Structures are given as C-alpha cells and as structure tokens.
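Subject: The structure for you to look at

Hi there,

Here is the structure I promised to pass on to you. Please open it first and have a look around, then read on.

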Amino acid sequence: MANFDERAILKRVFSYILLIALALIILAPFFIGIWTSFLPTMDIAKGNLFSTNLSLDNYVSAFTKTPILRYLLNTVVIATLTMVAQLIFCSMSAYAFVFLKFRFRKTIFALFLVTMMLPFEAEIIPNFATIKHMGLLDNYAALIIPFLTSAFGTFMLRQSFMQTPAELKEAADIEGLNHFQFYWNIVLPYNKISMITLGAYSFLGAWNQYLWPMLTTFSNNSRVIQNGLKQLQSEETFNDWGMIQASAAIIVIPTIIVLFIGQHYFKSGMNEGAVK
Amino acid sequence: MLKTSTTNVVPEKKVEAKQRQGFRLNANDKYYASIFLGPSLLVLTLFVFYPMLKTLYISLFLTNTLGNTTVFTGLDNYVKLISSPDFLSSMSVTLLYVVAVTVLTVSVGLLLANLASQKLPGIGIFRTLYSVTMGVSVAVAAIFWLFIFNPSTGFFALMSGWLNLPVVNWLTSPTNAMWAVIITTVWMNLGFTFLILLGAIQSVPSTLYEAADVEGASSRYQFFKITIPMISPTLFFVSTITIIGAFKSFGLIDLITKGGPTNATNMLVYRIYKDAFYSGNYAKSSTEAIILTVIIAFFTLIQFKFLEKKVNY
C-alpha cells in the first residue's frame, strides 16, 4: 500500500514538473520580451540581459516618440465599429433565415455558406480597386466597409436563433409583435451569449487584421496597430530593441487581460445559460 | 379553419382566396426580408461575390500594368503557372509549411490538453497559462520571436554563447528561416488549439476512464484507446482549421522573412500580394488567387461535410 502511494506521489511530482516546464517554454517569449522592455537598448545590444538598469524609459519613449497611441486609437475605433456593425447586420440576416419565409431563402442561405469557403486573401485585387474607386484609401472606412457583415457570423447566429423556443414566437404573435419588435425585444436578449461570442470574435478579428490594412492605409492617421508595429520596426528605431519590445508589451498586455477576464466571464455566462 | 369555412365556395374562388392569403403573408415577410437581409447581401455582393468573379475573370486574360484585361487567353495563365518551376517551388514550400504547422500544432496542443486535463490542485493556473498565446497578434508574435532569432543580440544567439555552441543563422539560411516561421506560427496557434482540445477531453465521460482503471489499464493505454478515439471529431476539426489558417498565412511571413531568403518562405498568399502589388502582374496574381480559393474551398467543404455528419449523428 505504501509503495502504491509512493508511486502516485511520484507520478504527481512528475506531472507538475512537466506542466511547469511546458509553461516556461510557452511563456518564454513573453518573459524575454517583457523583461527586455525594461532594459536600456545599450545593454540589450551588448547581450547584457541580466542588467539591473531596469526602468520604464522604453515605455515613456514609446508613448512620446512614436505614434503608438494614435495607432491604438485607430485600431480601437475601427474594431469597435466593425464589431457593432457585425452584431447588427449578422443578427439581422440570421433572423431573416430563421424567422422569415421568402422566395430563394434556401438559395441565398447556400450563397452565404459558399462565402465562407472563399478566402478574403484571394479577393484583394478587385477589393483594392473598389475601395480606391470609392475614394476611401487611407481612411477608416476602407477597413470597416468590407467587414460590415460576415457569413460566418450570420451562420453562427442562425444556429443559435434556431434554438429559440417556438412558444416565444407564438406568444409574440399573440401579443401582436411585429418582426422588428420580436427581433429586438425577444430574439436578441434570448441569444445574448452567442451575441457576446460573435462580438468578441469580430473585435479580435478586426484587431488582428494585417494584410488588408497594409494595402489600404499608409499614413499615421489611419494606420492600425499591427501595421504600426511593423512601421516602428522598419523606421529609424530599427535597432532600438528596448523600445520595440515596450511597444509590443503595450499592445499585448491589455489583450491578455481582456482575454483572462473574458474567459472568466464566458464561464459564468455559460453557467447562467444552463440555469436559465 | 379557413379551409372548412371555404369548402362550399366555387373552386376558382377558393384558389383565389388561398392565393390572396398566401400572397399577403409572403408580401409581409418579403418586405421584412429585404430589410433584414438587404445590408448583408449588399456587402457580400460587393466585397465577396463580385471580387471573386472578377478575380476568376482576370485569371483568364492577360493584363496591362494598370490591371486592365487585354487579351483573352483561356486557361493559359494556369498552364503557365503550373509549369513554372518558380511557382511549383513556392507551392512545395507552402505545403511543407502547412504540414509542419498542422502536425506540430495539433500534437503539441494535444499533449498540453491531455496534461492539463488531469485533476490536480492548481491545474487551473496551467490551463490559463497554456491558452495565453490566444491574445497575441501577428505583429507582437513577430517582434517577440524576431528578438529571439536575432543573430547578433537575440536570445538564441546569447544562449549559444553561454553554452559555447555555434550561432545558428535563423533568418539568413533558407531552411532555418522556414523553421523560424513554422515555430512562430505554431506558438501562436497553440492557445486556441489547446483550449478546444481541452474542452473535448473534458467532455469524455469519466465512466470510461473509471472502467479502464478498474481493468488496470495504463494511462498510455487509456490515452490511445479512450481519449484519442473519443475526441477524434475535435482533432479533425482543429486540424482542418489549422490547415486553412496555414494556407492563408501572410502576416508572419511579411514580418519575419519577407518571403526570403531566396524565396525559401515565399508562400502562396505572399506571392499573390507581391505579384499584384509589387510586380503589377495582375493576371498571374489572380490565377494564384483562384488556386488558393480552390484549396481553401476544398478544406472548408470537408469541414462542412463533417459538421453535417456530426449534427445528424
């Protein structure tokens, strides 16, 4: 019996060692990046990573010498508008597919599904021309208009809306609610969790865009953070590793905090949904 | 109700009444449908269907530097592309990248998920830490890893110094540059893959493991005979998602290697971009874009078919 316990303990210790070792490997790029963001670039260049000259200087110069705040503002505005637009338009089209009967409904839905198979990367040439014709190059609108809706979002919300109990629709009909009222007062609140998921998904999607903003924006007035970081790297700051790491940290720390809070929130959201 | 009240009316009128009723309902829904569906349909038409057809159209022509089509050449562009060694090497580089990224992402993700599915005190911390790369965007990942790969001041170079090992030229040797991009991509993918696989492992009924414990089955046996078969649908799902994502890779390549050295990481989407926006060869770029579309559509279709099956099941 004692022998058995010993083996169990040994197994447990081994598990923890493995868990910790893997966590260290996965987190190493963060640790290295964030640690060096506190070091003077001189020390980094000399390979003196154990320097004790820790300071926030790199952060101060990232905020004062680079347009990083402007990039952040651009990105937050664009991602928020994209998210709101997708929540509205995806939920509306999902509503149409679930609650309305009209000609070619199946055909149009099939078209939406087909859309999900087509990579945006393959459409950049005509889309660039379209945005150029509209005179929207180097404008927030260039980064928002093509993503006002998404077939994926529509599909996801449709799956969710289909779970709405039929009694709710019947009750709404008896109450004499029209489609707008039913959509706004019943369907959207009922599918809150799917809406939050789509919101998070579309916000992150816009936040992480790289190729399209690289093609359509070229001034600091509209450049988003991903392309901004590249800009910082390629400008005169090329070898200022301390400041570059600080800018990367400025971008990544809020996202990770949001992610952790979001994880917690999603969990409680799930439970709430289950109780309901 | 309506039917019984109209049974005695002459057939013609009955049909008319029915039609009118049906028509009224439809008209109402049609009106709502145009409002609810209109905006999405407009955006998709303008920014998905039109550009896709236009790209297909351009790929059948020669183009001038302004991007205007000049001579219809049918499938000539495709024939030229498929017989060009340059494109073929690009395709094989892309395939190597896709396979390496998918195999590594899924197997490492599975290892992490299996480890983190154990019921141990404090395991929640590890679950959170393993999913952390989900919050990393391409530009941040590229900066972190560029510093690690940097040949003079980078972390790997320093480590080689401490260990008295030769410094590896991560970004200047074609093979190593490819691995640099693969490693960074896998690292970025891990968080998402881990979370999805962890969810799948946690939903395997615990009674299966309990029964296996009673039988005295080893944990290795349990992993291969219970866990893997039970989560195979999810394994399939994350694999196709990873494959699709890898085929569409652009950001990391642009940030880390710019397709180089000597085209060693010049993958499909990077080619599409360079052929159009650097070389002004819109016909070639469009042809490559259509090839990309066929590949992505193929894998998405597999995924759809699979989801459909799962739903029916």
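This is a predicted model: local features need pLDDT of at least 70, side-chain atom pairs count only at pLDDT 80 or more; totals for chains, interfaces and linings use all residues.

Residues are numbered from 1 along each chain as its sequence is written, chains are lettered from A and ligands numbered from 1 in the order in which they are written, and side-chain values use heavy atoms, with hydrogens and water left out.

Let's start with the two chains. Contact (heavy atoms within 4.5 Å) links 81 residues of chain B with 80 residues of chain A. Together the chains bury about 7,500 Å², and 79% of that is on carbon and sulfur atoms. Buried area here is the accessible area (1.4 Å probe) that two parts lose on being put together, summed over both.

How many salt bridges are there between chain B and chain A? The count is one, and it joins A:Lys230 to B:Asp254, with the closest N and O atoms 2.9 Å apart. The rule asks for a side-chain nitrogen of Lys or Arg within 4 Å of a carboxyl oxygen of Asp or Glu.

Now for the record. An unreviewed UniProt entry lists "transmembrane region" for several stretches of chain A, including residues 13–35 and 107–128; such annotations may be inferred rather than shown by experiment. In the model, residues 13–35 of chain A are 100% helix, with the end C-alpha atoms 29 Å apart. Residues 107–128 of chain A are 64% helix, and their end C-alpha atoms are 28 Å apart.

Finally, chain B is assigned domain 1 (2–58) and domain 2 (77–312), with bounds from an automatic or database domain assignment. These domains of chain B bury about 420 Å² between them. B:Met52, B:Thr55 and B:Ile58 supply 80% of the area that domain 1 buries there. Between these two domains the rule finds zero salt bridges.

Enjoy exploring!

Methods. Helices (H or I, at least four residues) and strands (E, at least two) are DSSP runs, numbered from the N terminus.
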